[in-house]
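Open the model in your viewer and keep the selection tool at hand. We will go stop by stop.

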Amino acid sequence: MTDQDKIVVDNVSKFYGEVLGVNRVCLSIPPGITSLVGPNGAGKTTLLNLICGLLRPTKGKISVLGQTVNEPDLLYRKLGYCSQFDAFPRGLTGLELIYGYLKVYGLSDREAHQMAWSALETVNLTDAANRRVHAYSKGMRQRVKLAQAISHRPQVLILDEPLNGLDPMARAEVIALFQRLAADGAHVLISSHILHEVDMISDRVILINNGYVVAEGNIRGVRDEMDEHPMQIMVRCDRPAAVAAKAFEQDHAVEVKMHEDGQGLMIRTRSADQFYLMLNRIVLDCNLNVEAVAPADDDVYSVYQYLIGTDGGRL
Amino acid sequence: MITSFLDRLTEGGSPWSVWLRQTLAIMGLETKKSFLGRRLIAVYFLALAPVAVLVIRIMVPLRPEELGTPGEAGMVFAVVFQTFVLRFSVFFGCMSIFTNLFRREVMEKTLHFYLLSPVKREVLVVGKYFSGLIASLVFFVGSTIACFLLVYVPYGNKFMEDFFLEGVGTQQLLTYASVTTMACVGYGAVFLLIGLYFRNPIFPAGLLLGWETINFLLPSFLQKISVVHYLQSLCPVPLPLGPLAIITEPTSAWVSVPGFLGLTILVILASALQVSRLEVTYGAD
Amino acid sequence: MAVYKHSYQAYTGPLTSTSLRFLTLPRYAYQRIFGSRIFLALFLVCFLPPLVAAVFIYLQHNAKALQILQIPINELIPIDAAFFQVFLYIQCSLGFILATLVGPGLVSPDLTNNALPLYLSRPLTRRDYALGKISALLILLSLITWIPLSLLFFFEAKMAGMEWLWKNIRLEIAIVTGAWIWMLVISLLAVALSAWVKWRPIAGALIFGVFIVGGGFGALVNTVLFTNWGSLVNIAAMMDIAWRWLFRGEGTPNSLPVWSAFAGLVGFCGVCLLLLSKKLKAYEVVRS
């Protein structure tokens with residue numbers, strides 16, 4: 001895969017005067033869903049705005065599928081952006097919003113109308129197409145923003161907190177849309193605070209804090225690289241005390257918490273592989289009846305907590 | 001793989017046709033904003049206030065010595081036009097319309113809709129400038145024409161017919177309308193630039209107003225560095241400027257009009273340069 | 001268990017008295033306003049004219065100083081009604097610039113950020129809020145208008161003697177009344193526009209606009225309709241009439257009667273209050 005097929009961020013820094021936006025960021029983002037995760041003020045929006053060309057880097061270069069911001073007429077045919085701000089030009093209906101800006105792309109009336117309608121259909125907003133956007137509910141405004149971003153069928157879709165304000169049904173539909181676009185070969189770059197959803201839908205995550213990219217890759221890969229960080233594994237079985245006793249004979253076990261119902265335990269271990277091996281032996285030796293074994297922190301939330309040190313759920 | 005609909009936009013066509021379509025599309029989006037909304041109350045007031053005064057002049061008939069001759073009515077219009085329409089209505093109206101073209105979109109966090117369209121930023125500046133220009137022309141050329149007609153209404157239909165069909169009425173009307181058009185063109189470009197370069201346009205606008213107001217007191221060469229000097233030179237009825245004024249030879253229309261338009265183009269180019277470097281952070285304004 | 005049962009306790013400390021609670025708002029406003037160096041510099045500049053005036057008064061009563069400076073006494077400006085009126089005019093003009101800088105930022109950020117419900121959900125009424133915001137300007141303008149001019153008046157009284165004081169006590173009344181009328185007009189206008197116009201620079205421009213365009217429109221009405229009543233939309237002209245009457249006890253020739261200038265100013269303040277009350281609500285109405 002060449003740079004023509006990727007979003008390439010090459011050693012990019014952005015300073016607002018003396019304030020750091022992002023620093024020495026290097027990324028190469030292939031097609032698929034990529035999530036940008038970090039606490040408030042981490043530099044997520046700055047990074048997205050740099051990729052979009054709304055901001056110019058202080059240092060470094062950015063190209064999106066081989067195009068730079070110096071060629072806006074080529075770049076923005078390929079790029080769609082959904083801002084985090086709940087803001088729209090005044091007085092426009094949903095249809096007018098999408099149609100009007102498609103016309104700015106240079107499309108004919110017929111094409112613009114057809115594509116605008118199609119975008120509204122994609123986000124299930126055709127019934128409200130002729131109502132003013134300012135009269136929409138928060139979820140509808142979020143969806144019309146999304147429709148505007150995808151209306152010209154971009155190859156790169158950049159979404160700044162796109163799931164905010166959506167009810168569970170709409171959220172599921174939007175996520176399915178992202179997955180569909182990604183399956184078609186688009187780059188979908190999302191920043192979100194809804195960590196478990198990002199965890200579910202992302203092909204890879206980029207963790208950012210204080211303007212630095214602290215980790216990048218798929219969630220499992222990021223987790224595996226954190227060798228020294230103990231991993232939590234939940235075991236549901238009939239004799240958890242026996243498992244706990246055996247575990248403490250090993251060096252890798254750090255902590256064990258018994259479940260209140262006496263039917264399981266949570267173990268923190270420095271080596272998941274060694275623990276699974278030990279568990280196999282206990283099952284065979286003690287005839288242990290195991291109901292379930294599952295890693296408890298193999299998700300973005302735990303990775304996030306470990307790398308960034310905040311509770312991602314409370315962002 | 002997704003294929004872009006838009007790749008074929010410039011295929012086989014000249015970029016100028018695309019730019020023209022884009023300019024018209026921008027104007028289409030802006031037109032609604034230019035005429036509707038609470039923020040335009042002040043602009044409507046500036047455009048309609050002199051009209052209202054002249055309507056009252058018709059409705060509350062003045063004594064014959066107050067009404068004066070049609071020649072004196074021409075002077076009344078010159079006063080209305082040169083002291084209020086040019087110096088206040090068009091100046092403040094253009095300030096409100098043109099400084100807002102970009103700044104308001106930054107305030108309302110909607111400028112990215114334009115900046116992330118495949119449109120050259122120069123085209124965006126031209127599209128927005130023309131939409132502002134159309135709005136200001138409708139407001140202020142409309143106001144000028146209405147005022148000119150209303151000044152002569154009290155003299156009756158017969159006089160109106162003679163004055164406009166056989167006399168100098170139509171020529172004067174067109175001249176005044178052209179002066180207003182040029183005022184909108186010039187002040188519009190200046191305020192577009194001020195709105196882009198200054199976060200708070202009041203102080204540069206205040207300085208400009210001060211400069212334009214004391215212009216007649218300045219030496220000749222300084223008088224020529226102002227919009228109002230050229231506009232007043234083109235007015236058909238000159239207005240006495242008072243004992244303190246420094247009389248300057250009016251600039252010929254053949255020099256002032258092309259010079260004025262050339263300067264306007266330069267100012268618009270400076271605006272385009274600023275927009276091409278514009279970064280959108282939507283910070284606290 | 002509900003969270004409040006764990007640790008939450010209502011505030012039980014002392015409260016600011018109800019009548020003075022509105023002063024909390026200017027206190028916080030000044031923290032922000034005086035953080036600006038430009039504002040601070042301008043504020044300090046506002047004290048220069050009174051200093052110059054104090055020097056005039058001092059020289060007027062100090063023959064030795066005049067001798068040293070070789071200034072003939074008949075070339076000095078007399079300390080009379082015109083003297084105080086001119087300095088009131090200068091101070092009020094400077095106050096106008098301060099008001100255009102400070103006023104637009106008083107209410108508009110609260111409305112833009114939907115912070116009004118936060119104020120009004122505390123023991124602070126709409127009236128307290130409006131009073132607090134207006135008093136931020138009134139206190140500031142007082143510091144540069146009637147307070148320094150009153151000090152000048154009493155300085156002159158000290159130098160010239162008690163007889164001058166009793167003879168010219170009308171001037172002190174004129175200084176205080178004239179300044180307060182101006183302060184109320186400008187403060188109410190600035191706060192009302194701040195409540196209606198979200199963008200601060202535009203609100204500032206409108207304050208200028210009301211004066212400049214109002215003046216121009218008033219002159220237009222007077223010229224076209226052969227009347228003086230056009231001056232009713234010219235705040236500066238109405239203030240001029242009011243001040244002239246207060247300082248010299250006479251009206252302005254070829255202009256509005258004194259009573260109508262006062263009535264016009266009261267009406268203008270009423271309109272500003274009406275605009276303010278329309279906008280200051282504890283809830284936001286979103287219009288489509």
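Here is what to select at each stop, and what is there.

**Before you start**

This is a predicted model: local features need pLDDT of at least 70, side-chain atom pairs count only at pLDDT 80 or more, and totals for chains, interfaces and linings use all residues. Residues are numbered from 1 along each chain as its sequence is written, while chains are lettered from A and ligands numbered from 1 in the order in which they are written.

**Stop 1: the domains of chain A**

Select chain A. Its domain assignment gives domain 1 (3–217) and domain 2 (225–308); such bounds come from an automatic or database domain assignment. Colour the two separately. Their C-alpha centres lie 39 Å apart.

**Stop 2: the sheet in chain A**

Show the strands of chain A. Helices (H or I, at least four residues) and strands (E, at least two) are DSSP runs, numbered from the N terminus. Here 6 strands form an open sheet, in the order β5-β6-β7-β3-β8-β9, with mixed pairing. Two strands pair if DSSP finds at least two bridges between them. Which strands stand at the edges? They are β5 and β9 (212–217) of chain A; each has a single partner strand, so one side of each is left without a neighbour in the sheet. From one strand to the next, the twist averages 15°.

Now select residues 32–37 and 204–209 of chain A. These are β3 and β8, which pair in the parallel sense over 4 bridges. Find A:V37: it stands opposite A:L207 in β8(A).

Axes are lines fitted to C-alpha atoms, for helices over the stretch in contact, and angles run from 0 to 180 degrees between N-to-C directions.

**Stop 3: where A meets B**

Show chains A and B together. 31 residues of chain A are in contact with 35 residues of chain B. Two residues are in contact if their C-beta atoms, placed from the backbone, lie within 7 Å. On the chain A side, α2(A) gives the most, with 5 residues. That side divides into 16 nonpolar, 7 polar and 8 charged residues. Ala, Val, Leu, Ile, Met, Phe, Trp, Tyr, Cys and Pro count as nonpolar, Asp, Glu, Lys and Arg as charged, and the others, Gly among them, as polar.

**Stop 4**

**Stop 5: a helix pair in chain C**

Select residues 169–196 and 235–248 of chain C. These are helices α12 and α14; their axes come within 9 Å and cross at roughly 165°. That makes α12(C) roughly antiparallel to α14(C) (angles over 145 degrees count as roughly antiparallel). Among the residues making the contact are C:W182 of α12(C) and C:W243 of α14(C). By class, this contact has 11 nonpolar, 2 polar and no charged residues.

Note on methods
Angles under 35 degrees count as roughly parallel, over 145 as roughly antiparallel, 65 to 115 as roughly perpendicular and the rest as oblique.
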